[in-house]
Amino acid sequence: MAQNDGGSSGGSNPVDNLASRPKRKRITIHIQSQDENRLAFKIMPNLKLSKMFHEYCQRKQYDLRTVRFFHEGRRLLGKYTAAKLNLEDQSQIDCMFHQTGGGL
């Protein structure tokens, strides 16, 4: 008769699989509007920014087509991820309303 030494024989233990997986690290991104109000989002670095932009616009009741998002002076497109753009924890994204014209 074979002894079972506590290891898995044939099947895997789901609890062991969860414990051995590395924890996914979330980062906090702050979005600041032109009126200086800030909202914080905890996201996974591989999340497309478009999902965060959409959620931000829903909370602020903005039309997504009328705002633009910037980080350190460069425009951010929703197709990229925080990891791709090297956004770090506690990074700030600025939200600006799109304006056509403006001259007198």
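1. Strand E1 (residues 27–32) and E5 run parallel and are joined by four bridges. Within that pairing, Ile29 stands opposite Ser91 in E5. Please keep in mind throughout that this is a predicted model.

2. On its other pairing, E1 meets E2 in the antiparallel sense, and here there are six bridges. Gln32 is found opposite Arg38 in E2. The two strands E1 and E2 make a hairpin, with five residues between them.

3. Is E1 enclosed or open to the outside? Six of its six residues are buried, so E1 is largely enclosed by the rest of the structure. In a regular strand the side chains alternate between the two faces of the sheet. Here, Ile27, Ile29 and Ile31 point one way from E1, while Thr28, His30 and Gln32 point the other way. The isoleucines on one side and the Thr, His and Gln residues on the other are all buried.

4. Stepping back to the whole sheet: five strands form an open sheet in the order E2-E1-E5-E3-E4, and the pairing is mixed. Its edge strands are E2 (38–43) and E4 (74–76), each of which pairs on one side only. From one strand to the next, the twist averages 35°. Helix H2 packs on this sheet and touches E1, E2, E3, E4 and E5. The direction of H2 makes about 145° with that of E2.

5. Now the aromatic rings. How many aromatic pairs are there? With ring centres within 6.5 Å as the cut-off, the count comes to five. One of them is Tyr62 with Phe97, an edge-to-face pair with 4.9 Å centre to centre and 70° between the planes. This pair links distant parts of the chain, since the partners are 35 residues apart. Tyr62 sits in the loop between helix H2 (49–60) and strand E3 (67–71), and Phe97 belongs to strand E5 (residues 91–97).

6. Tyr62 has a relative accessible area of 19% and is buried, whereas Phe97, with 40%, is partly exposed. Since buried means under 20%, the value of 19% puts Tyr62 in the buried class. Ring pairs also join Phe41, Phe53, Tyr56, Tyr62, Phe69 and Phe97 into a cluster.

7. Which cysteine sulfur is nearest to that of Cys57? The structure holds zero disulfides. Cys57 is in none, and the nearest cysteine sulfur, that of Cys95, is 5.9 Å away.

Notes:
Residues are numbered from 1 along each chain as its sequence is written. This is a predicted model: local features need pLDDT of at least 70, side-chain atom pairs count only at pLDDT 80 or more; totals for chains, interfaces and linings use all residues. Side-chain values use heavy atoms; hydrogens and water are left out. Rings of Phe, Tyr and Trp (its six-membered ring) pair if their centres lie within 6.5 Å; planes under 30 degrees apart count as stacked, over 60 as edge-to-face and the rest as tilted. Buried means under 20% relative accessible area, exposed over 50%, partly exposed in between (1.4 Å probe, protein chains only). Two strands pair if DSSP finds at least two bridges between them. Axes are lines fitted to C-alpha atoms, for helices over the stretch in contact, and angles run from 0 to 180 degrees between N-to-C directions. Contact means heavy atoms within 4.5 Å. A disulfide is a pair of cysteine sulfur atoms within 2.5 Å.
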